Amino acid sequence: MSQPTILSNGLSRRSFMAGTVSAAATAPLLASSARAETPRSMEQQPRQPVVASLKINKQSHEVSLDTRTSLLDALRDHIGLTGTKKGCDHGQCGACTVLVDGKRVLSCLSFAVMNEGKDITTVEGLASREGKLHPMQQAFIDHDAFQCGYCTPGQILSAIGCVNEGHAESEDDIREYMSGNICRCAAYPNIVAAVLQARDETKGA
Amino acid sequence: MRPFVYEQPADISAAVAIAARFASNDEQPTRASAQFIAGGTNLADYMKLGVAKPDHLLDLNRLEDTGLRQIRVTDGGMRFGALVRMGEAADHAEVKRRYPVVSDSLRLAASGQIRNMASLAGNVLQRTRCEYFRETSWHCNKRVPGSGCAAMEGFNRQHAVLGSSDACIATYHGDFGQALIALDAVVHAEGSRGARKIPFAKLHRQPGDTPHVETDLAADEIITAIDVPALPWARRSLYLKIRDRESFAFALASAAVALDLDGDSVRDARIALGGVSTVPWRAKAAEDALQGKTLDEATAQAAADAAFADAEPRQHNAFKIELGKRTLVRALLETREMKV
């Protein structure tokens, strides 16, 4: 947010924010452009929404958000990507796991505005355009690595992160490094098998 | 959650300046109007619960100062930038080689996701997960000074047996902090009154009569780096963590141990205890008990007895004394067996 990016309508985001946040209402923006260079803290009020630019699955989204909005709620409620699940909302279950700049993180404990300019990958962004599943998604199907499926998007994103980090060397390794993802159906043995399969398929890929 | 203004200061001095502008005299960082956020794994959780209520949230992740994100070897010791993430430090080859206890303490903490998010400085400053602190309907002297402590007569199985007071028995749950206090780490901080170094052992405050005073930091001070001094014999070190479940849980008892051995005889020892105390806990009495002794089960037990000599159990946590002792004995004997 420190760098004023230029919106498609030619206004800098800072001037955009200084005015209204409604994308349709452009007139008040111009009226308030004189305030554009005022430091954020002076102009910003706690309840005033901010416009955040989020890059999700290689696509940019401009969203008007209350600063309190978690990345999870931004994804689900503002952008309509409901594949990412809300479990505990306190960082204890892993259902909300997404990749940010390639690393698995908990979207419930991250404020959306902190993720501007970062590459966010959700479960919706894993399959190819043609619909070919990511090897980890296919492995979860092959091994029946879920029952109710609620934790599965988080499991899959976490598993991809786990393999990328090099922490899927053994079954014990996988169990330890996947411990942030709870599965109340207890599909754990099948999840471990799925991670092993996908690990071997993606090695060197 | 209380509404807040979100800001991204460009460098440390800008962050300090904003924090100083909103800080009133001697206000605790945890109660200040403007608070810093890095990983957010602790703060965001406590903001959701209404325990933390900043009006201004200063995001440190865009600070330009590159040293904040680096792990460097310095004069044989190591310097950890404050914004380095736990997972990165845990996997760092030099950290594993020089200070296994540091690497272990980070690897055994939290979950893969949280370790990717949480900064090292944020980790050491993490606040207690005392159930009565977390839930704002309970009385808690740490959250609301003078309101009382529901844990004293409550379900206090998780609570501390060392360093507690009549006002607070909340456990310090961190693991990394135990490794740091054992290794005589030093914290670098910058605030409106300038830069200073704080021995890690002085960073946290025991609760005493003022459990809401958790650290030595001012509201406008930012930890910039943590130095771990050179200690060649720390290659013989480890962190043993005992939990209710095998992974992703706080310690019921833990021990950070480094040993300087001459054969089986102890030239020097560093011992810290987690899961049992209100602050990172250096067990000097245990270290002294081992000095010059042959390390065996009997001397390890004597050291463990010394470590818990002043322990004060409550209704549900007395088991931590025996568990803490056994954890330390096992950690000492396992450290002795390390091939270095």
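## Domains and basis of the model

The centres of domain 1 of chain B and domain 2 of chain B, taken over C-alpha atoms, are separated by 36 Å. Domain 1 of chain B covers 5-60 and domain 2 covers 234-337, with bounds that come from an automatic or database domain assignment.

This is a predicted model, in which local features need pLDDT of at least 70, side-chain atom pairs count only at pLDDT 80 or more, and totals for chains, interfaces and linings use all residues. Residues are numbered from 1 along each chain as its sequence is written, while chains are lettered from A and ligands numbered from 1 in the order in which they are written.

Where pLDDT is low, the predicted coordinates should not be read in detail.

Chain A contains 8 helices and 5 strands, where helices (H or I, at least four residues) and strands (E, at least two) are DSSP runs numbered from the N terminus. Their order from the N terminus on is α-α-α-β-β-α-β-β-β-α-α-α-α. Of the 205 residues in chain A, 43% are buried; a residue is buried if 20 or more other C-beta atoms lie within 10 Å of its own, exposed if 12 or fewer, and partly exposed in between, with C-beta atoms placed from the backbone. Among the contacts in chain A with a separation of 6 or more, 54% are between residues 24 or more positions apart.

## The interface and the nonpolar core

Between the two chains, 30 residues of chain A are in contact with 27 residues of chain B. On the chain A side, the elements that give two or more residues are α3 (40-43), β4 (103-106), α6 (152-164) and α7 (171-177), and β4(A) gives the most, with 4 residues. By class, this side has 11 nonpolar, 13 polar and 6 charged residues, where Ala, Val, Leu, Ile, Met, Phe, Trp, Tyr, Cys and Pro count as nonpolar, Asp, Glu, Lys and Arg as charged, and the others, Gly among them, as polar.

The largest nonpolar core has 170 residues, and those with the most contacts inside it are A:Val195, B:Val101 and B:Leu328; such a core is a set of buried Ala, Val, Leu, Ile, Met, Phe, Trp, Tyr and Cys residues joined through C-beta atoms within 7 Å. B:Val101 is one of the buried residues of α5(B), a helix spanning residues 100-107 in which 8 of 8 residues are buried. Leaving aside neighbours within four places in sequence, B:Leu328 is in contact with residues including B:Ala255, B:Ile271 and B:Leu273.

## Strand pairing in chain B

Strand β10 (residues 253-262) of chain B is largely enclosed by the rest of the structure, because 7 of its 10 residues are buried. Strand β9 (residues 237-242) of chain B runs antiparallel to β10(B) and is joined to it by 6 bridges, with B:Tyr239 opposite B:Ala256; strands count as paired if DSSP finds at least two bridges between them. β10(B) also pairs with β11(B) in the antiparallel sense over 9 bridges, where B:Asp260 stands opposite B:Asp268. These two strands form a hairpin with 2 residues between them, and B:Gly263 in the turn has a positive phi of about 70°.

B:Arg267 is found in β11(B), residues 265-274. This arginine is partly exposed, with 13 other C-beta atoms within 10 Å, and, leaving aside neighbours within four places in sequence, B:Arg267 is in contact with B:Asp260, B:Leu261 and B:Asp262. Elsewhere in chain B, strand β2 (residues 34-37) points B:Ala34 and B:Phe36 one way and B:Gln35 and B:Ile37 the other way, and all are buried. β2(B) runs parallel to strand β3 (residues 56-59) of chain B, to which 4 bridges join it, and B:Phe36 stands opposite B:Leu58.

## Positive phi outside glycine

A:Asp144 is not a glycine, yet has a positive phi of about 55°; A:Asp144 is found in the loop between α5 (135-142) and α6 of chain A and is exposed, with 12 other C-beta atoms within 10 Å. B:Asp184 likewise is not a glycine and has a positive phi of about 60°. B:Asp184 lies in the loop between α9 (176-182) and β6 (186-191) of chain B, and counts as partly exposed with 16 C-beta neighbours inside 10 Å.

Definitions and conventions:
Contact = placed C-beta atoms within 7 Å.
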